[in-house]
Amino acid sequence: MVREGAGWRDIPRGGLILSPGNAARYVTGDWRTFRPTWHPERCIQCFLCWVYCPDAAIEVKDGKVAGVDYKHCKGCGICATECPDKAHALTMERDEGERGVEV
Amino acid sequence: MAQTETKAGRFTARGPKGRPAGRVALTGNEAVALAMRQIEPDVVAAYPITPQTDIVQYFSSFVADGRVATEFVTVESEHSAMSATVGAAAAGARAMTATSANGLALMWEVLYIAAGSRLPIVMPVVNRALSAPINIHCDHSDAMGARDSAWIQLWSEDAQEAYDNVIQAVRIAEHPDVHLPVMVCLDGFIISHALMNLEVLPDEVVKDFVGSYRPDSSLLDPERPITVGPLDLYDFYFEHKRQQAEAMRAAAPVIREVAEDYETVSGRRYGDFDAYRLEDAHTAVVVLGSAAGTARFVVDELRRDGRRVGLLKPRVFRPFPGLELADALAGLDAVAVLDRSDSFSTMGGPLFAETRAALYQRAVGRANRKDSGPSSGSGPGNGRPLPITVNFIYGLGGRDIDPGDMRAVFSRLARVVETGDTGDVVNYLGVRE
């Protein structure tokens, strides 16, 4: 893993990433303008949101959808669009006032 | 299926190891294709464009005929050719392509990705004028447009040098201190399509010389997974560019080292530049590529008349051997730099700008160094003003440059020295007024 603040002599050549899976450490939630809210009581556990989320930001616990990872969710709204109309378990609201803060 | 038999394909050089195998008449494109066959890269992805087309055609016939085990990728554009080459190199393959002019321009975005990702790709560039207006003939606007893309650039005076440069380029690119892509430039038609009687090496000598490529990382290695070309913002991008600058600096001694090794197998010596009859010269021409041959001819002719003239032909343009070049020119009275492309800066062509910057740097560096001793020291140029420099833009779109043009340049230099009047600094040689 590259040390923060490392000089040019001490980092892998050409931006190579040598340690896999570290994108989880890159927090992107503060890019969000709209935030999805998950309504567990309406969720039918179809997993469409999980399938379509481009950021793997739908949290799953014990084999069930359990919420949204707001540290990485960029607020694209695909989950809310894909959520079946009958269920309507994901809704989008403006994220004003708390962008970039831990939610 | 029709077979495309070429001299480059038919020719199988046999000879004692370490000796030139023999002479054979080849065009520049055939010579480059032969070098590529002998190198036998893992992957070639290329798209044909005049005047590079023969290289791709000959090489694809080597693949079709089973002469090489190379994976040949036919692509729909040069953007894709460079992209596929980048992908192959990132996967750990020895990868090559070739192009010209607008093909190189279409690769432009991916050139930076190849260099920024530090992929040791080798690419012959058969120099041709960029559109518009459309022109298929030689000038250097294509490669000069890519001069700041962090590709090493080797330039060739003839088919022999093109062949030798392609083979050396593999070793330079893959050197662990370098890991940068290399362009081998040769003049369209003038070199690419003209026959030359050249010396080629036996296949096994080339194979031994380039060795096998052992990448230190590969996209195809599941034991050590990597990501190539990730997002890299203000926190690290600058450091990666600094690394590239260092790699380019490190390339200079590597290029010399590879040239020395190459001399032992070929008997042919190559430097950063060729200084021809320069030691006692008063005036000289600096020129890249095939026009250096014309200059050499005229230098010999004028020398027979007792004129002290010389030639400096850069072979390595990136990294620019500025200090060495300035040392070689410093003792002269006047220098004409010939550019086969215009930068349209109104300050002259790219070779002129960099040559002048190097001369200035040498003068300022000496003036600023307190320990450099008295200015009347023994080094060339010490205590003397810098040579007067003038620029001639020539040969755009394949306009011929002949000995008469070259004589006119030397006459102008003589006049500049005699009168002390530089006149126009930027001149257009051979254009109709």
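This is a predicted model: local features need pLDDT of at least 70, side-chain atom pairs count only at pLDDT 80 or more; totals for chains, interfaces and linings use all residues.
The peptide bond joining B:Ala132 and B:Pro133 is cis, with omega about -10°. The bond from B:Ser131 to B:Ala132 is cis as well, and its omega is near 0°. B:Ala132 sits in the loop that runs between strand 5 (122-127) and helix 6 of chain B. If you follow the backbone here, you can look at these two bonds one after the other.

Now step back and look at chain B as a whole. It is divided into domain 1, covering 9-266, and domain 2, covering 273-429. Taken over C-alpha atoms, the centres of these two domains of chain B are separated by 29 Å. Where they touch, 28 residues of domain 1 of chain B are in contact with 24 residues of domain 2 of chain B.

How do we describe such a meeting place? The size of an interface is often given as the accessible area lost when the parts come together. For domain 1 and domain 2 of chain B, the buried area is about 2,000 Å², and carbon and sulfur atoms give 54% of it.

Charged side chains take part in this interface too. The rule finds five salt bridges across the interface of domain 1 and domain 2 of chain B. In a salt bridge between B:Lys313 and B:Glu161, the side chains come to 2.6 Å, N to O.

Which elements give two or more residues to the side of domain 1 of chain B that touches domain 2 of chain B? They are helix 6 (141-145), strand 6 (152-155), helix 7 (159-174) and helix 9 (237-266) of chain B. Helix 9 of chain B gives the largest share of this side, five residues. Sorted by class, this side of domain 1 of chain B has 13 nonpolar, eight polar and seven charged residues.

Helix 7 of chain B has another partner to visit. It packs with helix 8 (residues 203-210) of chain B at an angle of about 35°, and the axes of the two helices are 8 Å apart. From helix 7 of chain B, the contact is made by B:Tyr163, B:Ile167, B:Gln168, B:Val170 and B:Arg171, and from helix 8 of chain B by B:Val206, B:Phe209 and B:Val210. The residues of this helix 7 and helix 8 contact in chain B divide into six nonpolar, one polar and one charged.

Next, turn to the place where the chains meet. The contact takes 17 residues from chain A and 19 residues from chain B. About 1,500 Å² is buried between chain A and chain B, with carbon and sulfur atoms giving 63%. Between chain A and chain B, the count is one salt bridge. B:Asp216 forms a salt bridge with A:Arg13, and their closest N and O atoms are 3.0 Å apart. The side of chain A that touches chain B has 10 nonpolar, four polar and three charged residues.

Our last stop is chain A itself. The side chains of A:Lys74 and A:Asp55 meet in a salt bridge, at 2.7 Å from N to O. A:Lys74 lies in the loop between strand 3 (64-68) and helix 2 of chain A, and A:Asp55 in the loop between helix 1 (48-52) and strand 2 (58-61) of chain A, so this pair ties together parts that are 19 residues apart in sequence. Elsewhere, A:His88 lies in the loop between helix 2 (78-82) and strand 4 (90-94) of chain A. Phi of A:His88 is near 50°, a positive value in a residue other than glycine. Over all chains, the count comes to 26 salt bridges.

Methods. Residues are numbered from 1 along each chain as its sequence is written. Chains are lettered from A and ligands numbered from 1 in the order in which they are written. Side-chain values use heavy atoms; hydrogens and water are left out. Domain bounds come from an automatic or database domain assignment. Contact means heavy atoms within 4.5 Å. Buried area is the accessible area (1.4 Å probe) that two parts lose on being put together, summed over both. A salt bridge is a side-chain nitrogen of Lys or Arg within 4 Å of a carboxyl oxygen of Asp or Glu. Helices (H or I, at least four residues) and strands (E, at least two) are DSSP runs, numbered from the N terminus. Ala, Val, Leu, Ile, Met, Phe, Trp, Tyr, Cys and Pro count as nonpolar, Asp, Glu, Lys and Arg as charged, and the others, Gly among them, as polar. Axes are lines fitted to C-alpha atoms, for helices over the stretch in contact, and angles run from 0 to 180 degrees between N-to-C directions.
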